[in-house]
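Biologist: I would like a close look at one part of this model. Please take it residue by residue, then set it in its surroundings.

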Amino acid sequence: TDPALIRNFCIIAHIDHGKSTLADRMLQLTGVVEDRQMRAQYLDRMDIERERGITIKSQAVRLPFTALDDETYVLNLIDTPGHVDFSYEVSRSLAACEGAILLVDAAQGIEAQTLANLYLALENDLAIIPVLNKIDLPAAQPEKYAAELANIIGCEPDEVLKVSAKTGVGVEELLNEIVGKVPPPVGEADAPARAMIFDSVYDTYRGVVTYVRVVDGRLGTRERIAMMSTGATHEMLEVGVISPEPTKVEGLGVGEVGYLITGVKDVRQSRVGDTVTSATKGASEMLAGYRDPKPMVFSGLYPIEGTDYPVLRDALEKLQLNDAALVFEPETSAALGFGFRCGFLGLLHLEITRARLEREFNLDLISTAPNVVYQVIMEDGTEHTVTNPSEFPEGKIDTVHEPMVKGTLLAPSDFVGPIMELCQGRRGVLQGMDYLSEDRVEMRYTLPLAEIVFDFFDQLKSRTKGYASLDYEPSGDQAADLVKVDILLQGEAVDAFSAIVHRDKAYSYGVEMTKKLRELIPRQHYEVPIQAAIGSRVIARENIRAIRKDVLSKCYGGDISRKRKLLEKQKEGKKRMKMVGRVEVPQEAFITALSTE
Ligand code: GDP
Ligand code: MG
């Protein structure tokens with residue numbers, strides 16, 4: 001296709017503001033999907049996506065569209081993942097486009113995530129088309145929110161398009177606006193091929209399907225390609241476009257968007273952000289912006305049934321085929337047995353992975369409290385990277401560095417007080433505050449990531465009646481006064497409960513955990529002290545008093561069969577007990593103590 005007739009765009013929207021529904025209307029309007037084949041949210045393929053209404057993996061679809069000038073254009077809609085955990089993937093999808101539709105619910109207004117992604121789009125010099133959706137809703141306030149959007153992006157309120165993705169009103173105008181406002185791609189047709197990978201998906205039948213946007217030159221079938229970050233070369237088996245099903249083509253030229261199949265079986269060999277070139281006469285310079293995926297949050301995952309350990313390992317290996325950001329290594333815990341320490345991009349990534357393990361592989365899992373990655377510098381100058389609190393080094397520590405984030409919070413102005421209180425309690429530092437309109441503010445904070453992974457979203461929602469939204473991006477490391485708190489049963493540390501916390505919060509963590517465990521662990525034949533300690537200094541203590549445990553005392557008289565049943569039951573129960581030193585702890589106690597509620 002002539003690049004002058006190509007428009008590459010994405011839709012930036014908050015969850016539920018109607019991105020999938022709008023994509024559906026575009027598929028229908030351009031005739032790519034016939035009306036009778038239409039089902040809601042056509043492009044959302046993964047079950048969990050549908051259920052949670054979020055887009056995890058982006059897709060790209062090619063829409064032929066005859067505009068008002070009677071020319072037929074190729075519109076490539078590149079779907080961006082909508083969640084903070086995937087901000088790097090979002091940035092790569094944006095880099096594949098020249099324009100973005102800023103889609104905002106006309107009854108809700110813009111949200112923090114959308115605003116953060118809008119800033120990303122502006123940094124990438126994309127043309128922005130502001131659109132209010134759901135104007136069919138009685139609660140819609142298109143005038144109010146048009147003014148707000150105009151204020152944010154610096155346009156006139158009447159330049160904000162008003163559509164209903166549900167009824168289709170305004171969608172054709174929107175497509176014409178894309179043709180008119182989004183610049184066509186520019187690139188050098190005769191240069192060596194360079195294409196950017198913006199997504200990479202594992203398919204059981206076809207291996208890895210790599211989505212690319214060609215910047216320069218041309219990628220054809222029957223040539224060997226090279227991944228520029230590693231130099232690895234692969235045979236090209238198929239090149240195609242999605243419209244809306246995969247369709248083979250002879251090649252992809254400047255500005256075109258499509259997929260490649262090379263026979264690799266693992267998305268880590270085909271990474272988002274990498275540059276694809278030809279193996280012979282390849283380009284010498286990569287496209288800018290490549291970054292290795294970097295796990296930010298770690299958690300131990302353990303099967304509740306010890307015998308499921310090999311199943312869990314297989315399952316993690318399978319998920320990794322489709323998830324270059326997932327890392328794991330075997331780990332043993334005195335309390336939880338054999339499991340894996342897993343690294344994730346963020347909390348949602350953790351949750352999704354866990355849900356998929358449980359659902360697709362039928363596993364029951366316990367996960368330890370999520371923690372971030374710490375850099376510990378000792379007085380003798382040695383450095384440790386700590387991804388597991390129980391591995392926090394002993395000895396003379398000089399400084400501990402923790403990852404920080406830049407957070408953007410958006411809320412009705414009534415909630416400024418509660419938000420400040422929450423962020424200050426989480427060691428946040430206010431960087432700035434702006435009114436988006438009379439009654440909505442944007443607040444910018446730097447915060448330790450560790451303070452966000454622990455129940456921040458829930459707190460934010462409950463303190464603002466659900467009206468506030470948060471987005472964040474990594475912003476380097478910072479030294480802080482952090483200590484490891486151990487929880488000990490009869491003097492033995494329970495590894496799964498060790499935590500790295502700020503010194504000011506060590507005491508409350510200790511008190512809370514020891515209290516919880518006192519309630520959860522049944523009385524034993526001897527007294528069991530539960531302690532919280534920093535190094536050898538005890539900061540909190542509870543006691544479980546001794547009992548003579550005799551289940552048979554419940555049976556009056558001599559009902560032998562009843563007695564036998566009880567003894568068997570007790571044996572059965574023992575299997576579910578974990579020994580910590582001499583102390584028997586029911587597995588349930590660990591599960592309950594580790595859940596955040
Ligand atoms: P996404 O999360 O941004 O992909 O949003 P969806 O497309 O899944 O839409 C979220 C919800 O809003 C769904 O229940 C849609 O049916 C509904 N919705 C989307 N667009 C419109 C619209 O224009 N009008 C109305 N009334 N509802 C809409
Ligand atoms: Mg969606």
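Which residues does leucine 326 touch, not counting residues up to four places away in sequence?

Modeller: A caution to begin with: this is a predicted model. Leucine 326 touches Leu316, Leu319, Gln320, Gly343, Phe344, His349 and Thr353, once residues up to four places away in sequence are set aside. Its place is the loop between H7 and strand E18 (327–333). Leucine 326 is buried, because its relative accessibility is 0% and the cut-off for buried is under 20%. One distance gives a sense of scale. From leucine 326 to isoleucine 225 the C-alpha atoms are 25 Å apart in space, and the two residues are 101 apart in sequence.

Aspartate 266 sits in the loop between strand E15 (257–261) and strand E16 (275–278). Aspartate 266 is buried, at a relative accessible area of 13%. The side chain of aspartate 266 has a polar contact of 2.8 Å with the side chain of arginine 268.

Some backbone points are worth checking. Most residues other than glycine have a negative phi, and most peptide bonds are trans. Lysine 465 has a positive phi, near 55°. Lysine 465 is in the loop between helix H11 (456–463) and strand E27 (469–480). Its relative accessibility is 67%, so lysine 465 counts as exposed. Glutamine 490 also has a positive phi, near 50°. Glutamine 490 belongs to the loop between strand E28 (482–489) and strand E29 (492–493). With a relative accessible area of 26%, glutamine 490 is partly exposed.

The peptide bond is the next item. From serine 243 to proline 244 it is cis, with omega near -10°. Proline 244 is in the loop between strand E12 (238–242) and strand E13 (246–248).

Last, a helix pair. Helix H1 (residues 19–29) packs with helix H6 (residues 171–181) at an angle of about 85°. Their axes are 10 Å apart. The two helices are therefore roughly perpendicular to each other. On the H1 side, the contact uses Leu22, Arg25, Met26 and Leu29. On the H6 side, Val171, Glu172, Leu174, Leu175 and Ile178 take part. Of the residues in this contact, seven are nonpolar, none is polar and two are charged.

Methods:
Residues numbered from 1 in each chain as written. Chains lettered and ligands numbered in written order. Predicted model: local features only at pLDDT ≥ 70, side-chain atom pairs only at ≥ 80, totals over all residues. Heavy atoms only, no water. Axes fitted to C-alpha atoms, helices over the stretch in contact; angles between N-to-C directions. Helix = DSSP H or I, 4+ residues; strand = E, 2+ residues; numbered from the N terminus. Parallel < 35°, antiparallel > 145°, perpendicular 65-115°, else oblique. Contact = heavy atoms within 4.5 Å. Nonpolar A, V, L, I, M, F, W, Y, C, P; charged D, E, K, R; others polar. Buried < 20%, exposed > 50% of the residue type's maximum accessible area, 1.4 Å probe, protein only. Polar contact = N/O pair within 3.5 Å; in protein donor to acceptor, adjacent residues only side chain to side chain.
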